[in-house]
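Please walk me through this model, selection by selection. I have it open in a viewer and want to know what to look for at each stop.

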Amino acid sequence: MSFPIAITGVKTLVVNAEMRNWIFVKIETDQDGLFGWGEASLNWKTRAVTGAVEDLAPLILGRDPRDIEQIVRVLKKHSYYRLGIIGATAISGIEHALWDIFGKSVGLPVWRLLGGQTRDKVRVYTHLGLGDMKSVYETFDPGALRDKALAVVEKGYDALKVVFIPYSGHSVGIGARRHVGRLMKTLREAVGDDVDIMIDFHGRPASTAVALQFIEELAPYGPMFCEEPVQPGDTEALRIVTERAGCPIASGERLVGFEEFEPLFRQNALHIIQPDLNHTGGILEGKRIAAAADQAMMGVAPHNPNGPIAGAAALHFDVATPNFVIQEEMSGAVPWYDDVVRVPMRRTGSYWAVPEAPGLGVEIDEREAAKHPFVPEVFHTKGAVLPDGTIVDW
């Protein structure tokens, strides 16, 4: 379309998907049938993010949705206060929807507008339980771990992620360390050497010493990477772990914008970065981060345990990003997934196909979505307490 297009409305649609609430953002235009969908899901912050989208919406009404760079600049600069994770997530959802509109307006998939195709298919991985929260976060028994991992492999995946690092303080006993080693040994023996295993530390170690002690147990079994071994924001601690670990280290899901990633590149503090396109400011910001990572010899494995539109945005990003490594995904996390949304992700084995539909290729059935209204997520974080009552990182 060569004629002007104007944004006429911005609204949110919240869908409770048990593990988290999906926050969909719909941007409407003055052209009949031309609208875009984005996602701004942020666990335990649903009402804050929907409020942020509502607060930001007046800044973009009347603007041409194809001016994505300019609109994002307006949302950041004219907000005055620094936005943090809530504001950045709201902007990400809006930005996704703008790309969806742009692609639809020219009849092209978004990856074409991002520079075109850099691969023929996109490798993906998922979690134990395929989205079941207890399976993801509470599998510390070797037998259950083996069974759940084999169930993932039976679904066709050749890569999976586990979260079995215990809640930790500044030191850890030898028993806890060896148990982690036994879990990893069980997992490797169960799935064999042809399945990649990633271990998510969730930033639980409170010191580099504890992180490295756990990694020492894991490294002999060849993890694809250990994720977030220390809390985000401490670049020096992350650099120390990365230099001394015997395996690749990844992090970045909780960082916002290029500014928070830049120190990692400057100090060579990682092997693989994990921006979340749903939280870090959107697809454009993700491309900037990925380009800098490429110069620093780092791969990109985008974080995404979010909903279906976030997955679609990640898919288009992955197709167009040369240093992409692997994509986290949780499609089918609820039984009614396909009733609410149709997405462009078509999986064969452990790969998504390159989509061809215009825009992000997502269709939402709003009537079906309305059957699953907002419900506060379970605060699984409340379990992050040591035996003596000390509160630690989840």
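How many aromatic pairs does the count come to? In this predicted model, the count comes to 10 aromatic pairs.

Begin with tryptophan 22 and tryptophan 336. Their ring centres are 5.9 Å apart and the planes meet at 65°; edge-to-face requires an angle over 60 degrees, so this pair is edge-to-face. Colour by chain position and the pair is seen to link distant parts of the chain, 314 residues apart. Tryptophan 22 belongs to strand S2 (residues 21-29), while tryptophan 336 sits in the loop between strand S11 (327-328) and helix H13 (337-340). Both tryptophans are buried.

Next, go to helix H3 (residues 84-106) and select tryptophan 99 and phenylalanine 102, which are 3 residues apart, about one turn of the helix. With ring centres 6.1 Å apart and planes at 25°, the pair is stacked. Tryptophan 99 is buried, at 6% relative accessibility, whereas phenylalanine 102 is partly exposed at 22%.

Two lysines come next. Lysine 26 lies over the face of phenylalanine 35, 4.6 Å from the ring centre. Lysine 121 lies over the face of tyrosine 351, at 4.2 Å from the ring centre.

Finish at alanine 52 in helix H1 (residues 46-56). Alanine 52 has 12% relative accessibility and counts as buried. Beyond its neighbours within four places in sequence, alanine 52 is in contact with Ile86 and Ala90.

Terms used: Residues numbered from 1 in each chain as written. Predicted model: local features only at pLDDT ≥ 70, side-chain atom pairs only at ≥ 80, totals over all residues. Heavy atoms only, no water. Helix = DSSP H or I, 4+ residues; strand = E, 2+ residues; numbered from the N terminus. Buried < 20%, exposed > 50% of the residue type's maximum accessible area, 1.4 Å probe, protein only. Contact = heavy atoms within 4.5 Å. Phe/Tyr/Trp six-rings, centres within 6.5 Å; stacked < 30°, edge-to-face > 60°. Lys NZ or Arg CZ within 6 Å of the ring centre and 35° of its normal.
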